[in-house]
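This report goes through selected features of one protein model. The sequence and the structure come next, and the description follows them.

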Amino acid sequence: MYKFFILLLFPMMLSAQNQTIKGSVTDADNGKISSADIEAYNLKNELIKAIKTDAEGNFSLEGIAVDSVKIMIKKNGYEPFEEIIGTQQENGLLKIMLKKKSREIEGVVITKQKPVVTRKVDRLEFNVENSNISSLNAWEILKKTPNVTINNDVIAIKGGTGILVTINDKKVMLTGEELKNFLENTQGDEIKSVEVITNPPAKYEASGSAVLNIIMKKNKIEGYRGTIFSKYVQTQYAKGVAGISQYYKKDKLSLMGSYYRGSGTYYREGTDYVNYQESQTRWVSIMNRKDKNKAQNTVNFNAEYEIDSLTNLSLNYSGFFSPKSYGTYVVPTLIYNNQDIPESDYTTINDHRSRTINNSLSFQVDRKLNKKSSLSWISYFTGNNADKYQNVLTHLNFAGEAPRNDNFLTQNKADVKLYSTQADYQWKDKKLEFESGVKYSFVKTQSGLDFSDNENGILQYRPEKSSIFDYKEHNFAVYSSLAYNLGRWNFKGGLRAEMTDLEGIVSEPYELNKNNYWNLFPTFYAQYSTESKHEFGLSYGKRISRPSYSWLNPAKSYYNLFSYYQGDPKLKATIIHNLNLTYSWKGWNLDLYYRKEIYPSMEISYQEPSTNSLIYYFTNIEKGQAFGGSLYKNFQIKPWWTLILSENLEHNENYFKGTDGLLYKNKVWNWVSNISTGFTLDKSSDWKVEAGHKYYSPGIQGTFRISSAWSAYFVMNRKFFDKKLEASLIFNDIFRTMGQKVSTKYANQDNYFLDYSDNQGFTLSLKFNFGNQSVKNAKTIKKTDEQDRL
């Protein structure tokens, strides 16, 4: 009989164990909210069900086998809802109203906040996560970062160049155009913050004037995602980039792979003016450079594997392949006499091509020793190979001479190999932090120049004008640093020691350059915070800037018969001293600084009257120093309207020896101003516009004086289809005002050139995201400052 009752009660028991909860989700105006995330948890906080509301805002949670559940409802732009309910609801129906996160003003709603600037003891942190600039790429975000300026694609911090860029403290390749392309392909919505480190701690390489560290968001949700990207750029000529990135994470394995291919025509306008006092002549050359590159291939692969909860392995490969860049320059030159009448002329036809291959492979191990300490080790190899060929034909028509032709050919091959290994140890508790490490690197570069000309009437190889340059460099470094937190006071200090052993051999004429030296690089930081949130800071750091390997190559690279570029194998490393005073309060950030450079290396020019030649070369000038201040403030005028003010005023001095052996001083007050305003035009913060203005007052570089320039720009960004498709439109240098005049005038030196790098134009880019967009990226592995010099 009891079996009969059990059969009668079984449907009732099943009904009690498997309930259905139905309901609807609306806003305060009774509007139906579709695609809201509905999650049901048991009282142990374990997820039972996860669904979304339908187009009418309704939902149905079926198969609930507990008496009470915690319901969580989330939707972008609304406050999250959370409540514990019993499964025996009246009629099984819930009516839930979500409140909006932001308020509506004049038809515009903003749900993202302005970036937050935080001053730390050894760096400035620019937090862009969920801000109104997170839709930009990393390159555009750097342009808006406090104390950072980008002029002609050169990154500077408080006037200092040679910046080291890292991602999560892992260094990336720093070759100008490649770095720009890499950052343009790094999406801003994956960035948490940017750290501006004017005086890098002892942990960082001593090379470079400052560090920009991009902190990426951390996301552990598993799955697959991808991004398809394309960009069209129209300036004087068209350029384009297209590519795909793919990410995958499953259990302990994370993978990332990307491929981008670029193609286009690059143009640069220039006019050279050289005045020779000795002959009372003026030489004017018009050099408009047009180069085509139909295949710029960039490949990246990252893999990360967690052996256990304490040990992590990372592997990285990156490659850049440019099989052929080519162009033909036709450069007419007029020679005016002292009556300003053209009496002679010549025309240069420069037919050239180049090839570049770059490969980099890295391996890294991270190990947590205990709750307070960790150890990491990385080893890597980088190879860079370049081949440049040119055929230069000159038609000469000089007064008093019969017309003639001159022809020469050059082929310059360079091969650089770099190996490095390093280990780092860290110990940290609530008040103390200790870091220490060791590093070794070896660089070998070989370059050769083959020169042929028709000086004897027949085109033939000239060994006396050809050369081979071999260079080897060993670097060894050790460092330690200690940080201490004492309430309102924060202190940090460190010391890094680096040994450099180098040898350079030039075959023609034979020259041997050997050097071995140790350098110590101390750093110190102090910060004090008042009760009313005023923050005062003091920091000092010593740095070294070693010359790029190409700067050491003495082979002559000819522009034409009367002008060439040449490196110097005896270039010295530049020692840099930085002293900073900082103040922060309620978003205002003020930096006062002093920078001293001993034997700074740079490109300058000089004219040689005996051969009527204009020579560009890398050299060390005597010294340089600068002092100034920078100010940054982000104003939130309205919830949907922001205004950014970034100003830097600097007094800069360069001391150099002229061709007459005398010491000269070049000085200037330099002002860099960046003012921009941005608007959010829709409720979901998917449509944004920005307009801005950049101004650069006159500057200096060694013997050069550089004229002022300014630029106006406009940006519009729009996201579609639940943020899966993103379109951007950028207008740069709207009024074509970024042209500059670079001049040298002292003793018998009197020359200048006008330069414009084809900035005016527009860029249209499209990005489509597919798959699970919450996947964590595989880590980008450390690379080193030696790679920056390739």
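Glu269 has a relative accessible area of 24% and is therefore partly exposed in this predicted model. The side chain of Glu269 forms a salt bridge with that of Arg736, at 3.1 Å from N to O. Glu269 belongs to strand 20 (residues 253–276), whereas Arg736 sits in the loop between strand 46 (725–732) and strand 47 (740–746), so this pair ties together parts that are 467 residues apart in sequence. Arg736 is also partly exposed, as its relative accessibility is 36%.

In total, the structure holds 27 salt bridges. Two others are described here. Arg462 and Glu464 form one of them, with their closest N and O atoms 2.5 Å apart. Arg462 has a relative accessible area of 11%, which makes it buried, while Glu464 is partly exposed at 43%. This pair is part of a network of salt bridges that links Asp453, Glu455, Arg462, Glu464 and Lys465.

The other salt bridge is between Glu531 and Arg488, whose closest N and O atoms are 3.8 Å apart. Both residues are in loops: Glu531 in the one between strand 31 (510–529) and strand 32 (535–545), and Arg488 in the one between strand 29 (467–486) and strand 30 (489–507), so parts that are 43 residues apart in sequence are tied together. Glu531 is exposed, with a relative accessible area of 70%. Arg488 counts as partly exposed at 37% relative accessibility.

| Residue pair | Closest N to O distance |
|---|---|
| Arg462 and Glu464 | 2.5 Å |
| Glu531 and Arg488 | 3.8 Å |

The next topic is strand pairing. Strands of a sheet pair through backbone hydrogen bonds, in either a parallel or an antiparallel way. Strand 36 (residues 588–598) runs antiparallel to strand 39 (residues 623–638), and ten bridges join the two. Within this pairing, Leu590 stands opposite Leu631 of strand 39. Strand 39 also pairs with strand 40 (residues 641–657), again in the antiparallel sense, over 15 bridges. There, Phe635 stands opposite Leu643 in strand 40.

Another group of strands makes up an open sheet: four strands in the order 3-2-5-6, with antiparallel pairing. Its edge strands, strand 3 (47–52) and strand 6 (81–86), each pair on one side only. On average, neighbouring strands of this sheet are turned by 20 degrees against each other, direction ignored. At one end of the order, strand 5 (residues 68–74) pairs antiparallel with strand 6 over six bridges. Met72 has Glu82 in strand 6 as its bridge partner.

How confident is the predictor, and where does pLDDT stay under 50? The protein chain has an average pLDDT of 84, and 88% of the residues score at least 70. Over residues 102–112, however, the pLDDT is below 50, and the model gives this stretch 32 contacts beyond near neighbours in sequence. Residues 778–789 also stay under 50, and for them the model has 73 contacts beyond four places in sequence.

Technical notes: Residues are numbered from 1 along each chain as its sequence is written. This is a predicted model: local features need pLDDT of at least 70, side-chain atom pairs count only at pLDDT 80 or more; totals for chains, interfaces and linings use all residues. Side-chain values use heavy atoms; hydrogens and water are left out. A salt bridge is a side-chain nitrogen of Lys or Arg within 4 Å of a carboxyl oxygen of Asp or Glu. Buried means under 20% relative accessible area, exposed over 50%, partly exposed in between (1.4 Å probe, protein chains only). pLDDT is the predictor's confidence in each residue, from 0 to 100. Contact means heavy atoms within 4.5 Å. Two strands pair if DSSP finds at least two bridges between them. Axes are lines fitted to C-alpha atoms, for helices over the stretch in contact, and angles run from 0 to 180 degrees between N-to-C directions.
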